[in-house]
Amino acid sequence: FRGNEKVLGWAQAGLGFWRNLQHPDGSFDEAYPMERSLAATAFTCFYLGEAYLLLSEDLSELEKEHLRDTFSRAGLWLCRNDDHHSTLSNHLATAAVSLYILYKITGENRFKQRSKYFLNRIYSCQSKEGWYEEYGGADIGYQTHTTFYLARLWQYTSDEKLLSSLKSSIHFLKYFIIIQT
């Protein structure tokens, strides 16, 4: 779809709509108004950040400036907030990769550092069997989700410790894959 003006227009409309959902403190809501969710902020920053990186050549300088401001506010919010109700590795992984993407977009080193904070939280809760913690135990569905976001982060960083963690995750997941012939 590269070069298709109609598709670019849809993408620009989506980016603009997302910008308008942001609270002044940088957060986004997930399910409830005024919720200010780490998950919603991280997940939307991941997907819209990836879109921005793909489309930045096709956006006007004004659009890029507005989006960088939105990303920066979200990143600052992610630097000041955390998930405390339980360990949800898929949320932490999304926060880690989102912050790294925000670092790539804005050049703000604090986002790269905060990404490492979330990554270290995941490492500290990964079991010897390889599963990433979700609400105190393993969850195969969320395991694949966490693995996806961490694999994307590895594609950006080539971090050896992260690769080792991912290999452990895949080793665990292989016991739950059914191949039918």
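1. Contact here means heavy atoms within 4.5 Å. This is a predicted model, in which local features need pLDDT of at least 70, side-chain atom pairs count only at pLDDT 80 or more, and totals for chains, interfaces and linings use all residues. Residues are numbered from 1 along each chain as its sequence is written, and side-chain values use heavy atoms, leaving out hydrogens and water.

2. Start with Thr 41. It sits in helix H2, residues 38-55 (helices are DSSP runs of H or I, at least four residues, numbered from the N terminus). Thr 41 is buried, at 0% relative accessible area (buried is under 20%, exposed over 50%, partly exposed in between, with a 1.4 Å probe and protein chains only). Beyond neighbours within four places in sequence, Thr 41 is in contact with Gly 26, Ser 27, Phe 28, Ala 74, Trp 77 and Leu 78.

3. Next, the core. The largest nonpolar core has 42 residues, and Phe 71 and Leu 150 touch the most other members (such a core is a set of buried Ala, Val, Leu, Ile, Met, Phe, Trp, Tyr and Cys residues joined through side-chain atoms within 4.5 Å). Helices H1 (5-21), H2, H3 (61-80), H4 (89-106), H5 (109-125), H6 (140-157) and H7 each supply at least two residues of this core. Residues that Leu 150 touches include Ala 93, Leu 119 and Tyr 132.

4. Now a loop residue. Glu 108 lies between H4 and H5. Its relative accessibility is 19%, so Glu 108 counts as buried. Glu 108 touches Ser 72, Leu 76 and Tyr 103, leaving out residues up to four places away in sequence.

5. Last, Phe 176. It lies in the segment after helix H7 (160-173). Phe 176 is partly exposed, at 44% relative accessible area.
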